[in-house]
Amino acid sequence: MTESHIIPGVDRIELMQTFIRIVETGSLSAAAARLGTTQPTISRRLQALERFLGLKLLQRTTHVMKLTEDGERCYARARDLLDNWRAMEEDLRGVADEPEGSLRVLVPHAFGQRQLMPLLAGYLARYPKVSVEWLLQDRRPDFLAEGIDCALHVGELDDVDLVATRVSEIPRIVVATPEVAAAADAARHPADLAGLPWLAIRTFYRDAITLRHRRDQTEYRLPIRPRMVTDNLYALHNAALLGMGVAVESAWMATEDMQAGRLRQLIPEWQAPPLPIYLMHPYARYYPARLRRFLETVRLSLPTVMDGTLLGTGE
């Protein structure tokens, strides 16, 4: 093969990077968007790589794009090659332990906005050469297609092809305004709350809520008929503050309003099972320093149990 097979100004590493991005995003147009270029440019780079290798890497039809057998081998080798290249580059430049560049992180909307901002501020203060794209969304990302470096997930996980580390948990309590709670002053058991108006968050409960006794771990499933169902923690919290009904909330969300007397905790001996917090990222042989340090910051900064204390404030 000769140099004429390579697009002028584009080296083999860049062609490999383009090919990897095509595979990970699933289309030429998505790869172009992620790389900040045009679809014809991406197409030319793919063709140049195929000519250089003398192999067909992708089979494309109107609706489907899939790797050929050679393409699968090329993708695996290209990932290893680029991981090793980045590790060598950082080592030779002496920046292996000096984080720099951009990090893309996805976190749950309310939790990331209310609880994790001090953690992010501390990370950026320690590593001034790093910038972070902080995405507040209540969903599981497609890490490769979206270029997400890592994510925090609240709730149980199904089997995932990721590195997932349980880093904390969130207690959940039953709360209502004093006026709504007054109708259940004598309540000692979840069954005593059945007649109250309820609010629900469909992510975790809708038609029933399971409550667990704090001492003996006895569980009780309470059927509910919610007056409002939402998919947003802030909407649930504000509805509870407006006296629209009883809600099961994360302790960190309700603590400040309970201290101010705007909310009361009902049947304190009973709580919903806590929600685990997972730190997730794709497996790779090499992780850049900016990601390694961020993962380390999360693991060290998140307390074992997330109660009402704001991270980094000591309150």
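Modeller: In this predicted model, the side chain of threonine 230 reaches the backbone nitrogen of asparagine 232, at a distance of 3.2 Å. Threonine 230 belongs to strand 10, which runs over residues 228-230. The residue counts as buried because its relative accessibility is 11%, under the 20% limit. Leaving out residues up to four places away in sequence, threonine 230 touches Ala200, Ile201 and Arg202, and also Ala235 and Leu236.

Threonine 255 sits in helix 10, residues 251-259, and is buried at 17% relative accessibility. A polar atom of the side chain of threonine 255 lies 2.7 Å from the backbone oxygen of alanine 251. For threonine 230 the backbone atom reached is the nitrogen of asparagine 232; for threonine 255 the backbone atom is the oxygen of alanine 251.

Strand 8 (residues 208-213) and strand 9 (residues 219-223) pair in the antiparallel sense, with 5 bridges. Within this pair, threonine 210 stands opposite arginine 221 of strand 9. The hairpin has 5 residues between its strands, and glutamine 217 takes a positive phi there, near 65 degrees.

Next, helix 6 and what covers it. Tyrosine 123 lies in helix 6, residues 117-126, and its relative accessible area is 0%, so it is buried. The buried residues of helix 6 are Leu119, Leu120 and Tyr123. These residues lie on the same side of helix 6, because they cover an arc of only 95 degrees around the axis. In an α-helix there are 3.6 residues a turn, so residues three or four places apart point the same way. The cover over the buried residues of helix 6 includes strand 3 (101-107), strand 4 (130-136) and helix 11.

Beyond its neighbours within four places in sequence, tyrosine 123 is in contact with Leu103, Val130 and Val132, and with Arg290, Arg293, Phe294 and Thr297. Helix 11 comprises 13 residues, 289-301, and at 1.5 Å a residue should span 18 Å; its end C-alpha atoms are 18 Å apart, which agrees. The buried residues of helix 11 are Ala289, Leu291, Arg293, Phe294, Leu295, Thr297 and Val298. Glycine 245, by contrast, is 122 residues from tyrosine 123 in sequence and 39 Å away in space, C-alpha to C-alpha.

Not counting residues up to four places away in sequence, tyrosine 75 touches Phe19, Ile20, Val23, Glu24, Leu67 and Leu144. Between tyrosine 75 and alanine 191 there are 57 Å in space, C-alpha to C-alpha, and the two are 116 residues apart in sequence.

Last, the cysteines. Cysteine 74 is buried, at a relative accessible area of 10%. Cysteine 150 is buried as well, at 0% relative accessibility. A search of the whole structure finds 0 disulfides.

Methods:
Residues numbered from 1 in each chain as written. Predicted model: local features only at pLDDT ≥ 70, side-chain atom pairs only at ≥ 80, totals over all residues. Heavy atoms only, no water. Disulfide = S-S within 2.5 Å. Buried < 20%, exposed > 50% of the residue type's maximum accessible area, 1.4 Å probe, protein only. Helix = DSSP H or I, 4+ residues; strand = E, 2+ residues; numbered from the N terminus. Polar contact = N/O pair within 3.5 Å; in protein donor to acceptor, adjacent residues only side chain to side chain. Pairing = 2+ DSSP bridges. Expected span 1.5 Å × (residues − 1). Contact = heavy atoms within 4.5 Å. Arc of directions from axis to C-beta.
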